[in-house]
Amino acid sequence: MRSVIDVMDLSVGELDELIETATDIINHPDDYADVCHRKKLATLFFEPSTRTRMSFEAAMYELGGNVISMSEASSSSAAKGESVADTVKTVSNYVDIIAMRHPKEGAALVAANNATVPVINAGDGGHCHPTQTLADLLTIHREKGRFDNLTIGFCGDLKFGRTVHSLCSAMARYPGSRFVLISPEELKLPSYVKKNVLKSQNIPYTQTTDLEGSLQELDILYMTRIQRERFFSEEEYVRLKDSYILTAEKMKNAPEQMIVMHPLPRVNEISVAVDDDPRACYFKQVLNGKYMRMALIMKLLKEAGRI
Ligand code: NCD
């Protein structure tokens, strides 16, 4: 049973296919309106979410399917101590496909190993978030027109930011990618990502604490939120939370072609004044996420012989 736990579960060719399908959905939405007629998606969210859960649900509805949802761990049997394995074994009886978010790294893999329907990882702790990467890739494709020879600056919480880990792995597969890793000392990209993704493939990268001084060299600036829920101490969070704030003033010194991305939610790290800048793409990412999730749901249901 094919599940998607990590973005590396999808080949570059498959990513191209998903982008092609998403683009066709954008141009011909009516052609897809009944593709998932009478099929059901379960969204199992053991952690807060707005965009990811609702875009999965909107995606399934726009494919003509139905959704059953668990949006709070506290209202499910997880609160009684049920394991993820038992929960997905149960839910597999009700639906054709599952999207799951969980605070523990590796929970999505446990789910995939126990479900009898495809599982899509909608975020597992500070590990990875492959469908946000799909949203990001469609955005890069539409805004920059290519994936090769791009310099991407990741800024903020690179330690706990799962969207960063996934996008970094995905972009490292394209020729000419370069990374500028901008973070406080305490929130640097984990060494396992540097070792497995960057060093092993000789991908050029620099690490810095300086956002303003890095802007000039970037094609893409990927801002992130400091992941409060993953900190051990509130004090440490408070000390680091406003490390980087992208303002309209700073954008004056950024290249004209540099796009600004952010998986959202934003807290303080991009001032609202930047939203009107034509280079700001974070709300476009939101919509692109829905199309890519439609494409992925269809792909996995087809492969499972369910549509
Ligand atoms: C991200 C996440 O959940 O990792 N949000 C999202 O899915 N768009 C980013 C974040 O919470 O900071």
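Predicted model: local features only at pLDDT ≥ 70, side-chain atom pairs only at ≥ 80, totals over all residues.
Residues are numbered from 1 along each chain as its sequence is written, and side-chain values use heavy atoms, with hydrogens and water left out.

**Exercise 1.** State in which order the strands of the open sheet stand, and why one side of β7 and of β9 is left without a neighbour.

*Solution.* Strands (E, at least two residues) and helices (H or I, at least four) are DSSP runs, numbered from the N terminus, and two strands pair if DSSP finds at least two bridges between them. The order of the 5 strands is β7-β6-β5-β8-β9, with parallel pairing. Because β7 (205–208) and β9 (259–261) each have a single partner strand, they stand at the edges, and one side of each has no neighbour in the sheet.

**Exercise 2.** Describe how β8 pairs with β9.

*Solution.* Strand β8 (residues 220–223) joins β9 in the parallel sense over 3 bridges. Within this pair, I220 stands opposite I259 of β9.

**Exercise 3.** Find which residues of helix α4 are buried, and what covers them.

*Solution.* Buried means under 20% relative accessible area, exposed over 50%, and partly exposed in between (1.4 Å probe, protein chains only). In α4 (residues 107–114), the residues A107, A108, A111 and A112 are buried. Seen down the axis of α4, the buried residues fall within an arc of 140° and so line one face of the helix, where the arc is that of the directions from the helix axis to the C-beta atoms. Their cover, judged by contact (heavy atoms within 4.5 Å), includes α3 (84–91), β3 (97–102) and β4 (119–124).
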